[in-house]
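Hi everyone, thanks for making time this morning. Let me put the structure up on the screen so that we can walk through it together.

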Amino acid sequence: MKIAVDAMGGDHAPGVVIDGAILAAKEHGVEIVLVGDQAVISTELEKKNVNNLTISIKHAPQIVSMSDTPSIVLRKKKDSSVRVAFDMVKNNEADGVISAGNSGATMVAGISVFKRLDGVERPAIAALLPNVNGYCLLLDAGANVDCRVRALAQFGFMGYAYSKYALGVKSPRVALLSNGSEESKGTDLTRGTNEILKKSNINYIGYAEGRDVYNGSCDVMVCDGFVGNVVLKVSEGLAEACVGMVKEEVKKTGVAMLGALLMKKALKKFKRRIDYAETGGAPLLGVDGVGVIAHGGSSAKAIMNAILVAERNAKNCVKEHIADEINKNAYLFENVNSKVSVTKRK
């Protein structure tokens, strides 16, 4: 697999991004194309030991800043590193793309360049959150603030296919995030979506509550992008707070410090499980291509793992499996008025 990496995107670009790309090439044999200012990238590579690594450069003179609007990328920055990286995949010059740059611009570039898969109403961002059994796939994690029943139900099909074919879960349990497990709970949006998913061919287990993201009772949690992004940010903040509080308590007494010393390995494993760097990035699902959005503050390890996410998606033909699930369940929407939007937010 050949992965195009937006070398100029991210809080610590290009140095840390290039370091992550080198790790992916060195430790996992991934072929990398670094997209961005050739002179800058070449200067960075000269500082590293990249002999015998499959790393090349694709020149892209423009850079997308974190303050740029998505429309600017589409209209005025067609030679930007993120746009050129997506174009490479579209033109079959690469199998996938990752970017830790402006997430809104990255998402819009992915949708406009790749286009939606046939039958898909809205693409979605999928994020992995740690739970007691491993991970729960949450989508949408921020692409769509307002959704219709058709889009929300399709997130369930996308999540099922991704979890099964990219993550290797044999029969992923798909749940719909609500304010209670009873079918009478929720909104018009969740109730309408629930009726659709109950009739589908996926392993749908019904409504679930926020705590079910973490207790291992489901493998895929479906919600709109407004709720999903809040869940994602709360989860990141809680993880950081937990680590901070544990450190604070450990320092209070000698006995606690001794206990922490004895539990050093366990604490390191715990920290690793809740570290976003371990999951790398969030794939953009429902588009006709492989694109991964990495965290702006990604470390080299996080960039490497984002590259591995893109490689895994390409190798396992995830977009084809998503298209298949969408197609198999298309009949469910024949009598659904997809133009009716529910829970509008200002």
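First, some housekeeping. This is a predicted model, so to speak of local features we need pLDDT of at least 70, and side-chain atom pairs count only at pLDDT 80 or more, while totals for chains, interfaces and linings use all residues. Residues are numbered from 1 along each chain as its sequence is written, and side-chain values use heavy atoms, with hydrogens and water left out.

A word on labels: helices (H or I, at least four residues) and strands (E, at least two) are DSSP runs, numbered from the N terminus.

Let's start with helix H1, residues 15-28. Its axis and that of helix H11, residues 300-315, come within 7 Å and cross at roughly 55°. Axes here are lines fitted to C-alpha atoms, for helices over the stretch in contact, with angles running from 0 to 180 degrees between N-to-C directions. H1 and H11 are therefore oblique to each other; angles under 35 degrees count as roughly parallel, over 145 as roughly antiparallel, 65 to 115 as roughly perpendicular, and the rest as oblique. The crossing of H1 and H11 is right-handed, meaning that the near helix is turned clockwise from the far one by less than a right angle, with anticlockwise being left-handed.

Who touches whom? On the H1 side we have Val16, Val17, Asp19, Gly20, Ala21, Leu23, Ala24, Glu27 and His28, and they meet Ala300, Lys301, Ile303, Met304, Ile307 and Leu308 of H11. Contact means heavy atoms within 4.5 Å. Sorted by class, the contact of H1 with H11 has 10 nonpolar, two polar and three charged residues. For the classes, Ala, Val, Leu, Ile, Met, Phe, Trp, Tyr, Cys and Pro count as nonpolar, Asp, Glu, Lys and Arg as charged, and the others, Gly among them, as polar.

H1 has another partner, helix H2, residues 38-46: the two axes come within 10 Å and cross at roughly 60°. H1 and H2 are therefore oblique to each other, and their crossing is right-handed. Gly15, Ile18 and Ile22 of H1 make this contact with Ile41, Glu44 and Leu45 of H2. By class, that gives four nonpolar, one polar and one charged residues.

Now to helices H6 and H12, whose axes come within 9 Å and cross at roughly 140°. H6 and H12 are therefore oblique to each other, and the crossing is right-handed. From H6 the contact takes in Gln154, Phe157, Met158, Tyr160, Ala161, Tyr162 and Tyr165, and from H12 Val318, His321, Ile322, Glu325 and Ile326. Nine of these residues are nonpolar, two polar and one charged.

A cavity here is a set of points, on a 1 Å grid over the protein atoms alone, where a 1.4 Å probe fits but cannot get out, and lining residues have an atom within 4 Å of a point. Grid points are joined across faces, edges and corners, and a volume is the space filled by probe spheres set on the points.

The largest cavity has a volume of about 80 Å³. Strand S10 (281-285) and H12 (318-328) each supply at least two residues of its lining, which includes Pro283, Leu284, Val318 and Ile322. That lining divides into seven nonpolar, four polar and one charged.

The second largest cavity holds about 40 Å³ of space. Its lining is Ala126, Leu128, Tyr162, Thr279, Gly281, Pro283 and Val309, that is, five nonpolar, two polar and no charged residues.

Last, the backbone. The peptide bond from alanine 13 to proline 14 is cis, with omega near 0°, and proline 14 lies in the loop between strand S1 (2-6) and H1. The bond from leucine 139 to aspartate 140 is cis too, with omega near 15°; aspartate 140 sits in the loop between strand S6 (134-139) and H6 (149-165). Finally, lysine 115 has a positive phi of about 70° although it is not a glycine.

Key. 1 Å grid on protein atoms, 1.4 Å probe; cavity = no way out; pocket = protein on both sides within 12 Å on 5 of 7 lines; lining within 4 Å.
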